[in-house]
Amino acid sequence: MDKNLLVKRAPSYYHNPELGLLEPIAYIDENGLCEPIHNVQKDFPNGKIWISKGFMDLSTRIGDDELFILERYEISGEDWQENSSKHKFYSFGNAARKLNPHEFIPVVQHDSLPNKATGLLFSDIDIPISSYFFIFIKNENAIYGPFRVLENKQEKSKILSIPPQTPLNLPQDNIAKYDYQTLLEKNELITLSIDNDVKIFIRKTHNLRSIKYESIDFISDKNLIKLFMTQGFLKEGKNAFGKAAVRNLQKSIEEYGSEKIKFFENTDRFERVKKLLSDFLTQADYGQKIVDEFLFTTDGGKVFLNDYFEKHKDRLIKDKREELEKEISEKKTKLLGEIDKLEEQKKNKKEELIKIQEDVHREADKAKVQIDKIKQQTEEETHQELSKKQKELLEKMNNLELEIKELEEKKTKFYDEQNKIQTYQDLEKKTNYYEERIKELIEKETDIKKAVETQQNLLASPSLGDELVKFKTIKSVLENKSSYPNEDLNIFLIKSNDFNLIENRKDFIENLVNSFSKDNSRSFTYDEIANLLICLSQSFLTILSGPPGTGKTSTALRLAKFLGLVSDSNKTSRNFLNIAVGRGWTSSRDILGFYNSLKDVYQPSRTGLYQFLKKHSNEEFQDEKFLKLVLMDEANLSSIEHYWSDFLAMCDTDIAKTAIDLGIPDPNHRYLNIPDSLRFIATINNDDTTEKLSPRLIDRSPIISLSYSYDDVNEEYDDEISFDIGAVTYDNLKESFDISINEAKLDGEEQVALDKIIELLRDSRFNSKTIEISHRKRNAIYKYCYIANQLNFDIKPMDFAISQHILPLINGSGSAFKERLENLQIILEQYGYLKSKKILDTIFNTSEYDFYSFF
């Protein structure tokens with residue numbers, strides 16, 4: 001979805017730790033502004049977001065009560081409308097992001113601020129320590145802070161203290177005071193409803209730097225004394241904390257205070273220090289506090305304490321012994337009184353227990369008598385009840401047997417009726433079949449009569465000579481002799497060369513890139529041209545797919561031109577044929593031709609494919625050593641698997657040893673040999689006017705997707721590597737861009753990625769349609785990547801292979817199938833296969849009614 005969400009973890013009832021729920025709280029737009037979700041049930045039916053994977057990782061990174069950002073989530077389908085336990089939106093654990101430490105800082109309502117003397121505030125405020133480093137306090141109409149949250153494990157409460165450093169660039173031991181209404185007006189306070197409790201947050205602490213505030217000195221007594229010590233007012237020594245030293249310090253501060261306290265920004269700290277020293281001299285317990293808090297933290301204090309104890313050891317021990325004896329005596333007297341009370345209570349409880357036991361025995365005797373009476377009554381009643389139940393069951397069994405008998409009779413009648421219906425349907429089908437056969441025979445009889453009548457008229461006609469000329473023409477075609485002696489006079493002659501392609505593959509590809517860039521049509525990158533050459537060399541049929549206007553047909557025509565098979569001035573060639581596929585083609589007779597048994601001739605199709613292939617066996621044509629390329633334009637206007645059926649099997653076999661049976665009785669002309677150098681390119685559109693490609697065809701062909709290009713004209717090209725070499729031989733092309741499957745292999749990362757994808761697509765745990773990757777497809781991917789890795793692609797070769805061999809197999813529906821594709825999306829992103837991921841994103845974006853298909 002477009003907006004991020006502010007969420008928290010919700011209680012989960014899933015047994016699988018990878019699954020869980022999140023509670024949406026607010027929307028976060030691209031500028032970081034927060035919009036609370038006022039009606040969760042309206043925006044998020046059933047109130048939660050389902051995490052379908054990665055919840056365990058999310059739980060380890062983020063605390064139970066911690067707020068965090070969910071960066072993406074999707075609609076899961078329509079099931080949530082019928083089932084209240086399911087949720088409209090889902091996401092993954094890796095889409096969760098922790099909040100920045102300075103985002104969404106809590107503001108808590110409290111009656112008081114931390115004690116200024118100690119810098120601490122003990123409270124039971126509900127703030128998760130693991131989630132927030134700072135908080136602010138709302139006291140009356142002001143906001144104070146920031147404060148640090150600590151845990152007091154002994155008191156099981158929270159402690160607020162002044163942090164040594166804050167994000168507001170305040171002086172050390174200072175806090176800021178803001179006007180509550182000012183922060184509201186500047187939209188720096190956000191009110192959110194969390195677990196039915198209204199809570200206030202500061203959007204970002206960095207934003208508070210530009211808002212007017214009052215800085216309040218909050219230094220504690222302990223830190224203040226330490227501060228004076230660091231400025232040289234109190235020298236550490238043997239009697240550093242004696243009363244005489246304190247009096248001297250007090251006198252020094254009075255005499256030289258105006259000069260010594262220049263390091264303070266105000267005189268409050270100076271006055272506090274004087275009061276602390278006065279309290280030390282006048283209050284005994286305060287002196288003890290000074291000892292506890294300060295003497296143990298300095299070396300001078302420790303020396304003073306040790307010296308004082310050695311001098312007054314006997315008196316201190318005597319005083320402490322008398323104090324302990326008095327305390328023990330008081331505790332002993334108190335404990336003896338409590339023991340007497342407990343003895344009295346024990347005596348009273350013992351008498352109550354004896355009385356209760358007597359009452360229990362009496363009630364037990366009464367209960368035993370009552371049980372015996374009930375037992376006698378129960379045995380008789382039970383016998384009567386069982387007899388009644390047995391009678392009812394017998395009646396039910398008899399009724400059920402009658403119902404079963406009736407159902408058996410109905411079933412027999414139903415089967416009889418069904419058999420009659422089936423027999424009738426079979427008879428109806430046979431009747432229709434025979435009626436159709438009668439029509440066909442009548443039509444054949446009519447045709448035969450017309451043919452006989454025509455032949456009779458022909459024999460009696462003076463134009464018999466012309467007909468004999470036609471017959472001669474047909475005969476010459478069957479004998480592979482041209483009836484048109486001048487038909488090859490204007491044929492484009494391919495320029496031959498001795499170019500060593502295998503040693504100059506990259507230069508050859510760059511030359512084609514430049515050629516495509518020069519003619520002001522769609523340009524192609526080095527990777528795309530190399531991809532075309534590899535597919536053309538390794539696959540009998542290569543399919544170019546995409547919307548109208550993406551340059552599919554022109555790409556095939558320009559490729560034939562730049563490979564030297566045709567020229568601008570002459571589009572006719574023995575090595576390139578452009579076939580415009582027609583609607584309604586149903587068999588090979590539409591693209592190749594058929595044998596007319598009535599005329600005893602083979603009648604080629606108007607496409608010219610028969611003549612194009614027939615000529616290759618004539619040794620006088622030197623062009624046979626070059627690539628023979630056939631373009632089938634708009635190939636899926638009719639079903640390719642039907643009209644191209646004679647060639648479909650050749651995608652798997654050795655083409656050089658394959659021939660097509662023409663059905664001609666003459667054994668010398670019956671078979672049409674197919675050259676090893678023959679390749680087909682088919683262009684297809686994907687709309688309601690075209691036929692779907694069959695799984696058999698998809699499994700045998702790479703499908704190259706062409707999308708609209710907006711930067712394909714006037715691209716720069718390198719004249720230095722442009723050269724006119726004519727056409728390279730087919731053997732040269734195949735040796736450079738094809739490889740035996742026995743030699744092909746993948747590198748380590750490619751093999752791992754391919755194995756992961758194959759396992760994911762066939763995994764039955766998704767409870768949806770699986771996608772099987774055949775051995776034929778795997779071999780094609782192995783061969784493709786092996787050659788492409790030698791050509792230094794910018795895009796990973798496996799990315800091209802997946803987009804052309806695996807993604808075209810996608811065709812399924814339902815939320816489980818979508819989840820399978822989402823996991824595939826994660827793998828593609830993980831390995832950097834961005835071209836394939838982009839195609840998969842398009843499949844998601846163009847899906848309708850939860851149906852997902854490549855085409």
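A cavity is a set of points, on a 1 Å grid over the protein atoms alone, where a 1.4 Å probe fits but cannot get out; lining residues have an atom within 4 Å of a point. Its volume is the space filled by probe spheres set on the points, with grid points joined across faces, edges and corners.

The model is predicted: local features need pLDDT of at least 70, side-chain atom pairs count only at pLDDT 80 or more, and totals for chains, interfaces and linings use all residues. Residues are numbered from 1 along each chain as its sequence is written, and side-chain values use heavy atoms, with hydrogens and water left out.

**Exercise 1.** Describe the second largest cavity and its lining.

Step 1. The whole structure holds 5 cavities of 30 Å³ or more.

Step 2. Sorted by class, the lining has 3 nonpolar, 4 polar and 3 charged residues. Here Ala, Val, Leu, Ile, Met, Phe, Trp, Tyr, Cys and Pro count as nonpolar, Asp, Glu, Lys and Arg as charged, and the others, Gly among them, as polar.

**Exercise 2.** Classify the packing of helix α22 (residues 797–806) against helix α24 (residues 834–845).

Step 1. Helices are DSSP runs of H or I with at least four residues, and strands are E runs of at least two, numbered from the N terminus. Axes are lines fitted to C-alpha atoms, for helices over the stretch in contact, and angles run from 0 to 180 degrees between N-to-C directions.

Step 2. The axes of α22 and α24 are 7 Å apart, at an angle of about 30°. The pair is therefore roughly parallel; that term covers angles under 35 degrees, while over 145 is roughly antiparallel, 65 to 115 roughly perpendicular and the rest oblique.

Step 3. D799, F800, I802 and S803 of α22 touch L834, K835, S836 and I839 of α24, contact meaning heavy atoms within 4.5 Å. By class, this contact has 4 nonpolar, 2 polar and 2 charged residues.

**Exercise 3.** Which backbone features stand out at P146 and F104?

Step 1. Most residues other than glycine have a negative phi, and most peptide bonds are trans.

Step 2. The peptide bond from G145 to P146 is cis, with omega near 0°; P146 lies in strand β12 (residues 142–152).

Step 3. F104, not a glycine, has a positive phi of about 50°, and belongs to strand β9 (residues 103–109).

Key: On a 1 Å grid over the protein atoms alone, a cavity is a set of points where a 1.4 Å probe fits but cannot get out, and a pocket is an open set with protein on both sides within 12 Å along at least five of seven lines; lining residues have an atom within 4 Å of a point.
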